[in-house]
Amino acid sequence: MEYRNIFNASSVNYTLAAKYLRQGKLVSFPTETVYGLGADACNGQAVAAIFATKERPQFNPLIVHVPDLETADNYVNFDETSRRLAEKFWPGPFTLVLPRKENCRLSPLVSAGLETVAIRVPRHPVAQVLLAVFEGPIAAPSANKSGRISPTTAEHVAREFTSEEVPLILDGGPCEEGLESTIVQVSGQEVLLLRPGTITPREIELVSGLAVRHVENADNPVAPGQLRSHYAPNARLRLNAAHAEPGEALLAFGRAVPDDGVVMRNLSPDGSLTEAAANLFSLLRELDDTGVATIAVMPIPRQGLGLAINDRLQRAAAPRPESDEK
Ligand code: TXA
Ligand code: MG
């Protein structure tokens, strides 16, 4: 079967792919691990479209792809050990979780509100050329619908998404590794293995000189306790609020916003769930930074991206036993 959205890796098609990325569209490209579903990592609405298109009911943080270590330096701060690991394993199937730089241009949605970013330099020549032509960082999870198997050929991707969802899939043949990258985070005197991959703990120990500890389930956090590291506002959240009470701030959605005379931010005056997803973490933070005790949040429709937005809001609103322990 012929697929309209599979394109061979020719120079005109790289140019077209980069143009689509600049327009906020999604482009699929091969890496040495699996095919990625890519978006301009600095464009919040494009990143939100990744979650919508994957039909992912939660926001988990995404991996940002850059052409080299020097480019990574623009977005994240390297400790000595992480830099040594990057020098050894990049380009390749290896991802480092590192603190975002102050004024980092990456959308907060790629970090799902965390202070860190997962970043990697892919080795696949097609990914490398695309990054060079696009001249920007590309956020990309595996190019499959949520809960389905990761794609290792262009045809797998084409079977998964229509050409409206993903107008262009760069064909780079079958992926060499077929398994997602190894993800690590250096933490004090140890290296946390957040996701095992083809770069082994032994190799990481040899290069870093530190012990590697496998942290279970980081890829798919299910228990609320495993989400401790996620950004939680200091303020309490009151969900499905029709309006704000005195002393509360208001996180609004849509056109019909009550005039309560309080500090207010609107996730999307047009009622766009994509725009709301793109704004969620930055606006929550802005309201939280005002020092208000409670943020009233207007109802968000529970469909499409609204599922992920509501999931995140519910987690942020949930009682936090760990903060009571302090
Ligand atoms: O091989 C790969 O890495 C593929 C190809 C396309 O490059 N990409 C991939 O990306 O698997 P993604 O976005 O599906 O990986 C996301 C995972 C999250 O589920 C989480 O485990 C971890 O990366 N992650 C991302 N950012 C993180 C962060 N700031 N802190 C901790 N873990 C993070
Ligand atoms: Mg995946």
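**Exercise 1.** Determine the handedness and the orientation of the crossing between α4 and α7.

*Solution.* In this predicted model, α4 passes α7 in a right-handed crossing. The contact is formed by T81, R84, L85, K88 and F89 on the α4 side and by E203, I204, V207 and S208 on the α7 side. Sorted by class, the residues of this contact comprise 4 nonpolar, 2 polar and 3 charged. For the orientation, take the axes of helix α4 (residues 80-89) and helix α7 (residues 201-208), which come within 9 Å and cross at roughly 120°. Angles of 65 to 115 degrees count as roughly perpendicular and those over 145 as roughly antiparallel, the rest between these being oblique. α4 and α7 are therefore oblique to each other.

**Exercise 2.** Carry out the corresponding analysis for α1 and α5, and classify the residues in their contact.

*Solution.* Begin with the axes: those of helix α1 (residues 11-22) and helix α5 (residues 125-134) approach within 9 Å and cross at roughly 60°. Angles under 35 degrees count as roughly parallel and those of 65 to 115 as roughly perpendicular. α1 and α5 are therefore oblique to each other. Their crossing is right-handed. Next, list the residues in contact: α1 contributes Y14, T15, A17, A18, L21 and R22, and α5 contributes P125, V126, V129, L130, V133 and F134. Finally, the classification gives 10 nonpolar, 1 polar and 1 charged residues for the contact of α1 with α5.

**Exercise 3.** How many cavities of 30 Å³ or more are there, and which residues line the largest cavity?

*Solution.* The count comes to 1 cavity of 30 Å³ or more. The space in the largest cavity is about 40 Å³. Its lining consists of L239, N240, V297, M298, P299, I300, R302, N310, L313 and Q314. Helix α9 (residues 305-317) gives the most to this lining, with 3 residues. By class, the lining of the largest cavity has 6 nonpolar, 3 polar and 1 charged residues.

**Exercise 4.** Locate E275 within the secondary structure, and state which residues E275 touches when those up to four places away in sequence are not counted.

*Solution.* E275 lies in helix α8 (residues 273-289). With residues up to four places away in sequence left out, E275 touches Q45, L267, S268 and P269. For the pair E275 and Q45, the separation is 230 residues in sequence, whereas the C-alpha to C-alpha distance is 5.7 Å.

Methods. Residues are numbered from 1 along each chain as its sequence is written. Chains are lettered from A and ligands numbered from 1 in the order in which they are written. This is a predicted model: local features need pLDDT of at least 70, side-chain atom pairs count only at pLDDT 80 or more; totals for chains, interfaces and linings use all residues. Side-chain values use heavy atoms; hydrogens and water are left out. Axes are lines fitted to C-alpha atoms, for helices over the stretch in contact, and angles run from 0 to 180 degrees between N-to-C directions. Helices (H or I, at least four residues) and strands (E, at least two) are DSSP runs, numbered from the N terminus. A crossing is left-handed if the near helix is turned anticlockwise from the far one by less than a right angle, and right-handed if clockwise. Contact means heavy atoms within 4.5 Å. Ala, Val, Leu, Ile, Met, Phe, Trp, Tyr, Cys and Pro count as nonpolar, Asp, Glu, Lys and Arg as charged, and the others, Gly among them, as polar. On a 1 Å grid over the protein atoms alone, a cavity is a set of points where a 1.4 Å probe fits but cannot get out, and a pocket is an open set with protein on both sides within 12 Å along at least five of seven lines; lining residues have an atom within 4 Å of a point. Grid points are joined across faces, edges and corners, and a volume is the space filled by probe spheres set on the points.
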